[in-house]
Amino acid sequence: MRNNLRYFIVLFLCLVSYSLFGQTTGIDSLKRELNKKHPDTTFVSIYLSLSAESIYYDFKKAKPYADSALQYSLKTNKYQIAQVYNNLGLIEHENGEPELARMFYDKALKELDENDDKKVRGIVYGNYSVTYDNSNNFDKELEYSLKAIELNSGDDFELSFLYYNHSVIYEDAGFNNESVYYLELAREMASRSEELRVESYASMNLAYHAMREKEYSKAENYLVRVGEICQETNSLEVCHYYYLTLGRLQTLQEKYNEAEVSILKSKDLAIQRNLESKIVESYLMLGNLEFEKGNYAEAAHIYDTKNIDSFEVINLWYADLKYKKRALLESKLGNHKKSNELLYNYLTYADSIHKSENRSLLTNADRKYKIEKKNKEIAEQQLELKEQETEIQKQDSQIIYMTGLALFLLVAGLLTWLVYQQKQKRKNQEILTLKREYQIKSLESLIEGEEKERFRIAKELHDGINGDLSAIKYKLSSLLEMNNKVIKEAITMIDDSCEQVRAISHNLMPPSLENFNLVEATENYCDSINAVNKESVTFQFIGEDIQISKKAEVNAFRIIQELISNALKHAQAGEINVQLSNREGVVQITVEDDGKGFDQNNIESQGIGLSNIQSRADYLNAEIDLISNAQGTSCTIDIDLNKLNDN
């Protein structure tokens, strides 16, 4: 079976090479073409096609047609000369002259060195590899097989043949695992490219390997697919080997009656094909069946009368049937001399297969090329490309148009919505910005008005009432000579009033804030509170100098002033801690007291003071953190200098 397929592979490679310049049209139609007037280049193509088909139908005519193709090729400046030499090599190989075949292949490769054609070169390499079949020259056989595979990567149809041929090389050398690996690749690619013949042969060889390992269920699974191909194609060749392989499996399973039916079917198909070697092969299987059944006389009769000795051993399995089993049979019949001869033949063949130097050469060559990983990647890439091509072919033009239109409308609608949302967002942002600017201007006007009013009242208190009180004190002082006790008390009261007016005036408009910065003004204010109140106010400044505008300083100071005032008036605090810091562009104001605190959830309890604090914090874009409970109140104001409105 294996050699028969390898012959088919050779023919296939030949036909593929001719498909590079056109499809074959049959011998009769090609002969009709010869009767017409054509350029010499056309004659090259026609004679090549005639030669290719003659290899299969009428081998004697193949060489003359090939010689004619060579003559016309040389006349036309070597048109298709590489294909012509490849064809001549195929003919010599089929004629049993592998060395002459390699000579023509060398000529083809030399021509391709000047005008390279990757596809033709791959075909020549594949044919070159087959010429080393049965020569035990495994390294050369493998070398050219690998070159052919590399050049044909991407074509599942051609690779299915090449991988099958590659598996046979490993099987011949006794590398069963490697042979199974490439058979699986050949079967997979043959299935994808719908090359049923290679798929069936690869499946049958895989079944042989499974039987060798006594994995009979696995072998049955492989043969199921072969049976389907047999029914689908009605191929005499495929069906012959299917029933022969099935009979072999059934014999191993001791299903002798079923095995006999299967083997007889394979024999009938071989007779229909008129192939004597295949008929003898079937009788060999029948002889083995009778031996397994214990019918030694019947087995010996089949071996002696059916020309079994003419059967060519092509692998260790057939060597086992032809030599080893017959040696056992002759031993049971008492023919020990003939048994020893047959056993010697078996051992001689087995030794030729398992020669250490051949196995070493094959191992080194395989390690040299290291294509296993590359082959897997190629298979995955081809499968992916195949799926993509299938998907593209299924797409209908109308569906594509409607889908594209729908996508266009969807994208257009989405873009329109996004543009509208963006405009609306900008509009809302502008409204918020205007509101914010209005609020800031309102707060600024309110605060400026308040500060002006404070300044006016402070000035009137200082220049008016305080001056009048000073005049009254002066006049009353002139009456002290009368040593009037009441007048003395009045003068003391006037002094107290002057101090209070001065304090009120400084509170409304501290002179330190006009003349100094926020830190100094706060420190002076805390000192003045300590001077007139029994409560203790401590002040602490941390960090860098504070560089802000006077407006911001005034509002920050008013916040501190309001918080201290609330602690003094409402919290009944004994101690008040004021801290001012400037770190990394953030000014932080913290005022803490140990007073009685207030209910933050009660809005009315907050009063006007907290509202003023909130308004000034809003103006400064500051954040307020307020905590109040029975243990006291803590208020922290964070002012980001980068967010001040006057920046």
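Colleague: Which cysteines form a disulfide here, and how far apart are their sulfur atoms?

Modeller: C230 and C239 do, with their sulfur atoms 2.0 Å apart. A disulfide here is a pair of cysteine sulfur atoms within 2.5 Å. Keep in mind that this is a predicted model, where local features need pLDDT of at least 70, side-chain atom pairs count only at pLDDT 80 or more, and totals for chains, interfaces and linings use all residues. Residues are numbered from 1 along each chain as its sequence is written, and side-chain values use heavy atoms, with hydrogens and water left out.

Colleague: How many disulfides does that rule give?

Modeller: The count comes to one disulfide.

Colleague: And what's the handedness of the link between C230 and C239?

Modeller: The link is right-handed, with 110 degrees about the S-S bond.

Colleague: Is C230 buried or exposed?

Modeller: C230 is buried, at 3% relative accessibility. Buried means under 20% relative accessible area, exposed over 50%, and partly exposed in between (1.4 Å probe, protein chains only). C239 is buried too, at 8%.

Colleague: Switching to helices: at what angle do α7 and α9 pack?

Modeller: About 25 degrees, with the axes of α7 (residues 118-130) and α9 (residues 156-172) 11 Å apart. The axes are lines fitted to C-alpha atoms, for helices over the stretch in contact, and angles run from 0 to 180 degrees between N-to-C directions. Helices (H or I, at least four residues) and strands (E, at least two) are DSSP runs, numbered from the N terminus.

Colleague: So are α7 and α9 roughly parallel or roughly antiparallel?

Modeller: Roughly parallel. Angles under 35 degrees count as that, over 145 as roughly antiparallel, 65 to 115 as roughly perpendicular and the rest as oblique.

Colleague: Which residues meet there?

Modeller: From α7, K119, G126, S129 and V130 meet E158, L162, N165 and I169 of α9. Contact means heavy atoms within 4.5 Å.

Colleague: New topic: where does K78 lie?

Modeller: K78 is in the loop between α4 (59-75) and α5 (81-94). Its phi is near 60 degrees, a positive value in a residue other than glycine. Most residues other than glycine have a negative phi. K78 is partly exposed, at 40% relative accessibility.

Colleague: Is E584 buried or exposed?

Modeller: Exposed, with 80% relative accessibility.
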